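Here are some notes to read alongside the model. Keep the 3D view open and follow the points one by one.

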Amino acid sequence: MDTSRSYLEPSSFSKKMAAAIIIVYAVITLIPISWMVMTSFKNVDSAISYPPEVLFEPSLEGYVNLFTNRSRQSQEYLDSLPAPENWYEELVRSREMVITGPSKFLGRYSNSMIIGFGSTFASVFLGALAAYAFSRFRVPLKDDLLFFILSTRMFPPIAVAVPIFIMYRKLGLGDTHLGMIILYTVVNLSLAVWLLKGFMDEIPKEYEEAAMIDGYSRLQAFFKVVLPQAMTGIAATAIFCMIFSWNEYAFAVLLTQFNAQTAPPFIPTIIGEGGLDWPAIGAGTTLFLLPVMIFTIILRKHLLRGITFGAVRK
Amino acid sequence: MSQIKIVNLQKSFGDFTAVKNSNLTINDKEFFVLLGPSGCGKTTTLRMIAGLELPTSGEIYLGDEEVGMLRASERDIAFVFQLFALYPHMNVRNNLSFPLKMQGYKKSDIKNRVEEAAKLLRIDHILNSNISSLSGGDRQRVALGRALVRRPKAFLMDEPLGTLDAEFRELMCLELKKLHLDIGATTVYVTHDQLEAMSLADRIAVMDGGEILQADEPNIIYNKPKTKFVASFIGSPGMNFFEVNEGISKDQSFVNIEGTKFDIPKQLEESRGSKNFFGIRPENLTLNNNEGLKGSVFGVEYLGSRKIITVKTSLGEIKVKTDISVDVKLNENVQVKPSNNNIIIFDGQTDKSLNSEFIK
């Protein structure tokens, strides 16, 4: 750690410079994201208008299109229908279409949630147990095992797509939530073990020894004393695992179709349904972005808390 | 409270033997200090008593029960760590209640016992503070408190004052002693600091190389060391040694060292070989200008009320602890001689002291 900062306070000029650089950088990275969010609130026409509209009349058409299936109807048919019951039906009718039912988006989105959080929990939990063992016990061939765990990350996961596809079909794991959770956990586990081992190594073993002398078993000491202190590492690891399994596309395309399909392979299919519906795509990606963002913001306080601990004098 | 007894205790890590065949009895209510340089096996011994390490062989008795292979949680002892090991995610009160919660006490009992211990240690005003906001001394008190609330069979302490500032250390030393007198618990205390050991202990065991060399009261350890190591490790500076190139026989009462004759206490034991050591503490030597070993002043250290003068002689450097009024200059020629007969002869083969009128 850079200890010089504690007594060499940066000058106010360099602080301002740093702030300016960060603001410029933030603006640059936020442009595409804000454009995406803006697109989600445009209507189909203003989304593709040229020159692009920066100021526009907001519309929820994208979100309506994202959550519904529609079919185009003739004007006579539309006229023959009773008056629309609500605002979104009216919006769809104005496009000469009727709502035929809810789209698959909500189902795909909740699949993403189940698989994303499920595999994140499994990776962090198993990773923490393994990391603790590697950190504390005399494990035979420890270094080789750790290297083996790391080596599972040395090829792109998709390189094993075919064997996994065949295995999953034989095992009946294809297109199931459990299958996808297992797969993402396997991919994330090596990262989780390595990251968490680093954090566990930093926790002096005296803590669990104290707890064991105080009458707790090693497992109880692990949950009551070690895990709370590894919160920083657990938060960081959980964010990494979540980002991977939330964003994963290739395996999701290959292994899921109906039951367990996640949002990433679903979003591109919106393009196919009824022309290039940019507002709906914008709405889908905006909603897709939110969980990871909220998850990171929630865990952020643990990331910061780690710095202020320090109850052990070294 | 209980007696602790270790019998033929041995601990090896691979090829390295950390504790060799040790035997020790720590009496009920005794403040017992394990003293030795780092790596001497004192902490390993303590950790075996605690159950944090399992012995390779031998037995440990806590009271009448053999506990050598029991888990730490099954031994009913308390341990105070050098780094305190206070749980940073809990406040002081929760740290103190933690051991009691496991034992299934009622909430009101836990509260009472925690507050009682806190009062005893004068930490009742910080019960709701976070660990990270405490000073070193307060952390030490909380660590002691966590041990106290248990009312265990014995307290084990691994250099608990090691990380404190010198000023705090003295204060905590006094508090520890007072606490021990108040509650009279069997205590095993590990340290490498002989002053701490001397001021706290009822009895001290000096360890080196995994062996317990001597276990005795502090004044006996100091005045009548049983081995050359104990003599040199205890005292600052340690004992002076001169080589004696002759065998020591029974009833002998003088030795010749490089042609100079020195009186020694009447020996009750003969030496095994013809190379032995003459040991004398620095305060039992005086400087003068007409008799004794010739040498020149090599260094002078002021210790406030005393002075340590290093004299370079043909036998090597000799430390002399003198009164502050003795005035010598660097390189001045002086002579050194014993001022009394508190002299110990160590056998050159075993490094053990030979029995004499002075040390029996």
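This is a predicted model: local features need pLDDT of at least 70, side-chain atom pairs count only at pLDDT 80 or more; totals for chains, interfaces and linings use all residues.

1. Residues are numbered from 1 along each chain as its sequence is written, while chains are lettered from A and ligands numbered from 1 in the order in which they are written.

2. Now the place where the two chains meet. Chain A puts in 20 residues and chain B 22 residues; "in contact" here says that two C-beta atoms, placed from the backbone, lie within 7 Å. On the chain A side, α10 (206-213) and α11 (218-229) are the elements giving two or more residues, and α10(A) has the largest share, six residues. Helices (H or I, at least four residues) and strands (E, at least two) are DSSP runs, numbered from the N terminus.

3. What classes of residue make up that side of chain A? There are eleven nonpolar, five polar and four charged residues. Nonpolar covers Ala, Val, Leu, Ile, Met, Phe, Trp, Tyr, Cys and Pro; charged covers Asp, Glu, Lys and Arg; the others, Gly among them, are polar.

4. Chain A is split into domain 1 (12-40), domain 2 (44-103) and domain 3 (106-308), with bounds from an automatic or database domain assignment. The centres of domain 1 and domain 2 of chain A, taken over C-alpha atoms, are 34 Å apart.

5. Over in chain B, look at strand β6 (residues 77-80). B:Ile77 and B:Phe79 on one side, and B:Ala78 and B:Val80 on the other, are all buried (20 or more other C-beta atoms within 10 Å; 12 or fewer is exposed, in between is partly exposed, with C-beta atoms placed from the backbone). β6(B) pairs in the parallel sense with β7 (residues 154-158) over four bridges, pairing being at least two DSSP bridges between strands. B:Phe79 has B:Leu156 as its bridge partner.

6. B:Asn256 is bridged to B:Lys261. Two residues sit between the strands of this hairpin, and B:Glu258 takes a positive phi near 45°.

7. Is B:Gln10 buried or partly exposed? This residue of strand β1 (residues 4-13) of chain B is partly exposed, because 16 other C-beta atoms lie within 10 Å. Leaving aside neighbours within four places in sequence, its contacts include B:Thr17, B:Val19 and B:Pro55. B:Glu211 is 201 residues away in sequence, yet 9.7 Å away in space, C-alpha to C-alpha.
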